[in-house]
Each structure stands twice: as structure tokens, then as C-alpha cells.
Amino acid sequence: MQIEKYKYYSAVDFLKDRDFLKWQLFNSEEDRLFWNSVVKEYPVLESTIKEAIVLYKDNIRLNDFRMSRSEISGSLASLQTQINKKKKRNSRRIVLSISAVAASIAIFIISLHFIFNKENHVQDIATFAQTLPDNNNLYSSDTKLILSENNTVTLNNTESSIEYEGDAIKADNNLILKEESSLYNQLITPYGKRSSITFSDGTKAWVNAGSRLIYPAEFSKEKREIYVDGEIYIEVSEDKKRPFVIKTKQMDISVLGTKFNVSAYEDDKIKNVVLLSGSVSISSNTHNKDKEIILTPNQMYSDLENSYSVENVDASVYILWAQGLYQFESEELGNIITRLERYYGIKIECDTAIAGLKCSGKLDLKDDLNKLLTELSRALPIKYRQNANGSYTINIKS
Amino acid sequence: MNIATPDHIRLFSKFIEGDNEAFSFFYEFFINDLYAYGISLGGEKEVVKDAIQDLFLKIYFEEKNFSSIDHLKYFLLKSLKNRLYNIYKSKAVSASTGISKDVMEFSITTTVLDEIINEEDRAIIKQQVDALLLNLTTRQKEAIYLRFIQELGYEEIAEIMDITQHAARKLISRSLKRLRDSEPTLFICLSLLFLS
């Protein structure tokens, strides 16, 4: 091995050198001695070699196969469901001890303003949803899990997690017995909060800010139905015998086992469904009523007031919010601001003169809103200020 | 291998006691190591994922006799390999192809991330690493992978690959020697290319 050739090497040149790569890969004693001698001969190379080592460590991977974060949490949830099923079979005693713990946990109770019809067990979920008042719970400061008319669990984490497992319901640090809940439960995630929920069948949904979810505590033997007003990303557990139906005011989505995002905020003009994998069929409640639209992966269905469209998209972009990221491409600033308002639960007023500005980019929603707006105003001809009441106003930069 | 912080050690003893939260922690802690090893062995994604689920389901309900986090990792890797081997063996039989060669072949794929390095340089770097590993047998690749990527000891590698410890050492030192010897040959090939 000649040492002279390294004299004028850059860090990237080292990465292209097989001897250097071999040293980094296998770190043998022999290689270590050789590279020590290189540095001894040319001390100026020391920093370049150090830089090359950092570059190597940061950039070169062998068999770098990974599951995505959502895949991992999805498979952990399904493992837990399997464990619980097996536990139930294995031993009655374990279930009993969990019940004992659950009974001793205090539950926050608030009175509700709607009438809950406990007797009528056959009430359809969409009908039930319509009977609920248009409450302003979405502006509350806490996420609420309403189990029955006199049993509401208040969750004050920014990101809450709810799991229906066997006989119990886990909601952050609360453990509640399922028998304490009535037929339909409600999860209200206000502006500024997010939550995730694992249903009794192992299906997991990530719920975005300003969303209301209604679902039965236990799915029936024939079908699985939930009702959504807002946005969720959902990974449906496969069960060929029981189709999973997601109902919204405007459309119904039927699936067998798949991953997709539904955005159906009542106050958004366009509702859409983006499919990651599997297949879903959609029927609108307002137009083309008898028609079923089948989506294939990486397609987006958009439901407008009285028509619809299907286009090809990169579906992964649409679920980034579940990981706290927001990516957009030639999106109007006004729409971006609406999303940020929901996500952070803070009012942002946007001058109509700039609401139509088209923007592309990616925002990290884990940052605080101030930092985010500073970044936006660096990229766009806008300026922002915070008002005394905490809200923001965005104007054109003069 | 993985640096065990006091937190890890505390979680590990809770894991042994059968604590749920610690169980979830180690599931997430090891899942990508297991997934990567399963895919490297030639397993299909869904098959590997299912095999990992079965593995953890079994562990959950069994006595956890692990002496350390390293021991747990080694046990998981070994069990995953056995499980995949059995799955693919029975598949090969049912497909009536007969098992003439190994049901699983270990391979190594290089990835160069696109942080700062430009595309052309990335291609050359990848080519250089691939060239280094080109002359290794599948068993040598697996041994090297377990030693330098998963950072297992020789004793554990020997167990996983079903050979003696001495043989494991020899396998790896031969691989390293082969890496050295391969260079002149490649150099000649390259010069021939330039001539033609």
C-alpha cells in the first residue's frame, strides 16, 4: 500500500478508497497500524481523515432495512392484541387482577348535554352521530374520551393514546373497565392536540387536531363501523369476515384491511381520502349515490360539494402529520394557515391579499408556532405579529 | 454492542419480571435489528414481520432466562433465523422443488445516504464497498455481518451459524484475508478495461 497517493486526498476521496473503507468496515489491527502510519507521515491529513470517518459513520450503511415508525407502532399494537387474546384464553385470574386495579382508579366525571339512548341498541352509528349537538368541545383545552352520559375521561397530554384491550380501556394513565362504557364511545381531540386510538380489533388510528370520532366500545360480529368528523390516518386490521366502514357526513369508505388517510373536516370544502396500501371503496352521500369508487394505492379521492375526482399522488406525504411533519406542494397559504390553526389550536388571521400565495415545502410541527411562522416569513413576502390575546396576524411585507 | 445505559439496565430487569412497558421497549429496541437480519437472510418482508411477531408472542408467555441485553439480542437473532429457516424449508418442500441448495442465502446491500456527498461520488463509494464484499461466500458475508454490523461475539456467531467458535474465528479471519487478496485482481481487471 502506498502512502504518497493520500497526500492531497479530500474526505470524499478517502471514502472512495478501498483500504480506507476496509478499515472502517472491519477495524482490524493491521489496518489501524497502517492508518496511524499515514497520519504520522502526513500530519495535515489527520483532520481530513477524521472528517472522512464522520462522513462514513453518517452516510454508509450495510443492510439498512428498517420498518417505518408507523409500521412499528402498528405491529406493536397488533402484538399486544394477540397477547391479550392469548391471556384471555390462558388465565381468568390475570383478567380479574386487572379489573381490581381498574376499579380503584378515579375517573373524572362531567355532565353531558345530550340525551343518550341506552336502550336502543340497534341505533345506527351515523344516526347516533347526528343526534349529538354541534358542541364547541373542539375548542376545549383537553382531549375527552366520552364513555357514557356520565362517564367522561379528560386527557391533558398534547398527544394522548387510547387502547381498547380485552375487558379494559387504557387512556394515557387511566384504566377503565369496558363494561362501564355504553354502546358508542366518543373521542374528541380539540384543536392543538393529537391522539391515537387502538380499537378492540387491533385497528389503529392517528387522530389529527380538531377531530371527533364515534365508535362502538366493541365491534359487532358482522361489521366494524366508526364515524369521523375531522382527519385520521388509519391502519385497519384485516378481517375478511367483518368489513371496516368509515362513515363521514359526506361519504362512506369500506375496507377489508388497509392503510389510508381520511380528511373530512365539516368546515373544509374538500374532503379527501388517500390510500397507502390495500384497497377501499367509497360511496358519497350527496352525489352519485349508487356509485362505488374503488381506490388503488397512491390515489387520492376528493369529494367536492357535488362532484368528485380521483388523482394519483404520493400517499406518504399525506400522513406525515401523524409523525408531526407537514409537507405541501403549490398549496395556497390560506389552506396552510388553516391547518396550522387546527394543529396548534391558535387563531391565525391571514390577510386575504396573500391567502392565495402558492407555497411548497415541509414544516416540522414539533417546533413551536413562533419559530414556524418566522421560517415561513423568511421564505415568503409576509410578516407576522402576535396579538395580546395570543392569536396571530399575518400581513404582506411592505 | 449497544451501549447499555442505567436506564436500559433498569428496564431490562423489569423486562425479566414480565413488565409490559419494558416488554414494549425492548420490542421497539430490537425490531429493526431483527427485521434487517431477516431481510438479509433473504426473507420476504411480510414473512419476516410475522416471524418476529411470533417470536415476541412466545417470549412474552415464557420464563425469561436472559443474563443480559446482549444475551437477549443474540437469542432473538438466533430464534428468528431458525424460524425463517423452518418456514422456507417447508415452503420449498410443499413447492416440490426439493431442497437442493440452501433455502436461505445471505446477502449484503450497501446504502450511501445523500447527506452531503454528490450522486457521482455516492455511486463510486457504493461500488467500492460492493467490490470489497464481492468475493465473499454467503456464509462469510453472514459471519462478517453478525460480527461487524450486529456486533456479536464469536461465541454467539458460532451458535447462530451452527459451527464451533474456532470455526467462526477462522471464517471471519479468512474473509478479511480474502478482502485483502482480492484487491490486486480487481486492479488488473480495471487496467484491462482501460486498455480495451
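This is a predicted model: local features need pLDDT of at least 70, side-chain atom pairs count only at pLDDT 80 or more; totals for chains, interfaces and linings use all residues.

Me: Let's start with helix H6 of chain B, residues 138-149. How do you know that its length agrees with its residue count?

Reply: The expected span is 1.5 Å times one less than the number of residues. For the twelve residues of H6(B) that should give 16 Å, and the end C-alpha atoms are 15 Å apart, so the two agree.

Me: What makes Ala143(B) count as buried?

Reply: The cut-off is 20 or more other C-beta atoms within 10 Å of a residue's own. Ala143(B) is buried by that test, and so are Glu142(B), Ile144(B), Tyr145(B), Leu146(B) and Arg147(B) in H6(B). Just after the helix, Glu151(B) takes a positive phi of about 55°.

Me: Why is the set around Leu80(B) called a nonpolar core?

Reply: The term asks for buried residues of the nonpolar kinds listed for it, joined through C-beta atoms within 7 Å, so members such as Leu80(B) and Ala143(B) qualify. This is the largest core, with 54 residues, and among those touching the most other members are Tyr27(B), Leu34(B), Ile52(B) and Ile157(B). Helix H2 of chain B, residues 20-40, gives the largest share, nine residues. Leaving aside residues up to four places away in sequence, Leu80(B) touches Leu34(B), Tyr37(B), Gly38(B), Ala51(B), Ile52(B) and Leu55(B). A second, separate core has 52 residues, including Trp206(A) and Met300(A).

Me: And what is the general background to that?

Reply: In soluble globular proteins, nonpolar side chains tend to be buried together.

Me: Which residues make up the contact between the chains, and how many come from each?

Reply: Chain A puts in 26 residues and chain B 35 residues. On the side of chain A that touches chain B, H5(A) gives the most, with seven residues. By class, that side of chain A has 13 nonpolar, five polar and eight charged residues.

Me: How do you know that E1(A) and E1(B) pair?

Reply: Pairing needs at least two bridges, and three join E1(A) to E1(B), residues 110-112, so the strands pair. They run antiparallel, and Leu62(A) stands opposite Thr110(B).

Me: How many helices and strands does chain A have, and what share of its residues is buried?

Reply: Chain A has eleven helices and 24 strands, and 33% of its 398 residues count as buried.

Terms used
Residues are numbered from 1 along each chain as its sequence is written. Chains are lettered from A and ligands numbered from 1 in the order in which they are written. Helices (H or I, at least four residues) and strands (E, at least two) are DSSP runs, numbered from the N terminus. A residue is buried if 20 or more other C-beta atoms lie within 10 Å of its own, exposed if 12 or fewer, and partly exposed in between; C-beta atoms are placed from the backbone. Two residues are in contact if their C-beta atoms, placed from the backbone, lie within 7 Å. Ala, Val, Leu, Ile, Met, Phe, Trp, Tyr, Cys and Pro count as nonpolar, Asp, Glu, Lys and Arg as charged, and the others, Gly among them, as polar.
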